[in-house]
Amino acid sequence: MLAVSPYNQLALSGVGPIKDIKIFDTTLRDGEQAPGIALSPEDKIRIALALDDLGVDYIEAGFAASGQTEKETITKLSGMKLDARICSLARTVKSDIDAVIDAGVDLVHTFIATSDLHMKYKLKMTPEEVRAKAIETVEYAKAHGLEVQFSCEDSTRSNLDFMKAILLDVQNAGASSVNIPDTVGVIIPRAMERLIGELHKTLSIPISVHCHNDMGLAVANTIAAVDAGATICHVCMNGIGERAGNASLEEVALNLFANYRVQTVDLSKIGSASKVVERVTGFALAGNKPIVGRNAFAHESGIHVHGIMNNTSTYEPFLPELIGVDRHIVIGKHSGVHSVRGRLDSLGIRFPNDHMNELMETIKNIAIGGKMIDDAELLAIVDNILWKKETLEKTVSLDELTVLTGKNTTSTATVSVTMGDGERRTAAETGVGPVDAAINAIRKSINEKITMEEYKLSAITGKSDSICEVTVMLKNVQNDGSLTVGKAVGLDIVETSVDATMAAINRDFARRRRE
Ligand code: KIV
Ligand code: ZN
């Protein structure tokens, strides 16, 4: 189900039919150029397999001339007979083209800068020299059986007449497509539309675009280029790439599908391909990354969750299933009773209404600081409330707890408790660690000979900000030697251990009173 703006179709009414758009993925080349990413040959193969599975048309696998390992990896990928066509980058330098020929790829993507700025300060070449280099390189690559895509680096700051001339030259020299890179992400969508429109009138071969995201417009510029006649989109999975990255594959593919009904890749594999790239590159996605960020289909606030429960289009432009991911109804500080009740229902838990306030209060306390409570944690909290309910009115309650601990110090705890008859007791004890000290202090304060038979601590989600669950088993050796279990859930290990111990003590007292 797609729920995009109806104004889009109105705005696109003058745009001719858009079909057969090719996805040229450069995750393994421009994506890898992102500071902090360095892929091994195995990494590249894993990502290439995911991209091929996704159905991209081209995989720019790297820059063959940049080193022996790189060349060997590209050669290996070329030999894997993937459905995607394999490409290597090359400068307009004969030795670069030779390395690409050696790698056995289908296609070379060769580039030279055409802006005055780059020609003067970087290349130190005249426009005529640049033009001659471009023609010579395309002819050489063609003569060696390569399909050629030619890029005017820094196109969006290049002189239009010069660019038209050089692009016509390479078209005549046998290039099968030309690429227009917005190398430093500086063009705006309207200008991109005009630029591509002009070039579309001039050239007869396909036009590709390569947009960087320095000003946050990479995807908008890519779509504007498509509107004006570009048919190949350079993209990177998760939007990785030099500096602020490249146009993101998933965002471009989704926009083309949602607004132009153009299916470029198998959308249902976007979620998994994104995860492969995130894991292998080690480049963590921002939670709010469109389409694939962890919050893209997460809903916490009561109003939104209520809307989603009635009709997902209220707060989702498309269903998460479309891209192979799940929706998350997050339980956190902003959750309302509706969300919590809905979550419990979906987990098959029948939770009594008269304890709902306590549950909401516990959730809000735990969620302070932005913590999200997942299903396992919610279950542990519920269990704790229900379990406590089954027990008793308290015989001993903990009023104060202070623990001093550190490196090379003896952990010391002081507790104050109130006994069933109202008597207030305070005790201090040491221990091998803060938990041990706290529990020793409690034992001393209640003046009962209790031994800890078992202590179990688990971080519920295995993450460092997870809430923990503590289960203790106490033995009252002074009385009948019976065993009692106590359980508690919380954020702080010491506090939760003490809560579990107090729960067990109260249970023990209640049992003895009953008997
Ligand atoms: O951004 C760019 O200009 C490039 C070129 C190599 C095409 O990545
Ligand atoms: Zn680039």
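## Polar contacts of ligand 1

A polar side-chain atom of His-212 lies 3.0 Å from an oxygen atom of ligand 1. This counts as a polar contact, a pair of N or O atoms within 3.5 Å. Taken alone, ligand 1 exposes 260 Å², and the protein buries 93% of that. Those areas come from the Shrake-Rupley method with a 1.4 Å probe. Arg-29 also has a side-chain N or O atom 3.0 Å from an oxygen atom of ligand 1. For Asp-30 the distance from such a side-chain atom to a ligand 1 oxygen is 3.0 Å.

The model is predicted: local features need pLDDT of at least 70, side-chain atom pairs count only at pLDDT 80 or more, and totals for chains, interfaces and linings use all residues. Residues are numbered from 1 along each chain as its sequence is written, chains are lettered from A and ligands numbered from 1 in the order written, and side-chain values use heavy atoms, leaving out hydrogens and water.

## The shell around ligand 1

Residues around ligand 1 include Leu-89, His-109, Phe-111, Ser-151, Glu-153, Pro-181 and Thr-183. Each has a heavy atom within 4 Å of the ligand. The shell divides into three nonpolar, five polar and three charged residues. Here Ala, Val, Leu, Ile, Met, Phe, Trp, Tyr, Cys and Pro count as nonpolar, Asp, Glu, Lys and Arg as charged, and the others, Gly among them, as polar.

Helix α2 and strands β4 (107-113) and β5 (147-153) each supply at least two shell residues. Helices (H or I, at least four residues) and strands (E, at least two) are DSSP runs, numbered from the N terminus.

## The zinc site

Asp-30 (OD), His-210 (NE2) and His-212 (NE2) coordinate the zinc ion (ligand 2) at 1.9 to 2.1 Å. Donors are N, O and S atoms within 2.8 Å of the metal (3.2 Å for Na, K and Ca); water is not among the atoms, so sites may look incomplete. Along the chain the donor spacing is D-x179-H-x1-H. Asp-30 sits in helix α2 (residues 27-31) and His-210 in strand β7 (residues 207-211), so the pair ties together parts 180 residues apart in sequence.

Strands β11 (residues 397-404) and β12 (residues 411-418) run antiparallel, joined by seven bridges. Pairing requires at least two DSSP bridges. Thr-402 stands opposite Thr-414 in β12. Six residues separate the strands of this hairpin, and Asn-408 in the turn has a positive phi of about 60°.

Notes:
A polar contact is a pair of N or O atoms within 3.5 Å; within protein, one must be able to donate a hydrogen and the other to accept it, and residues adjacent in sequence count only if both atoms are side-chain atoms.
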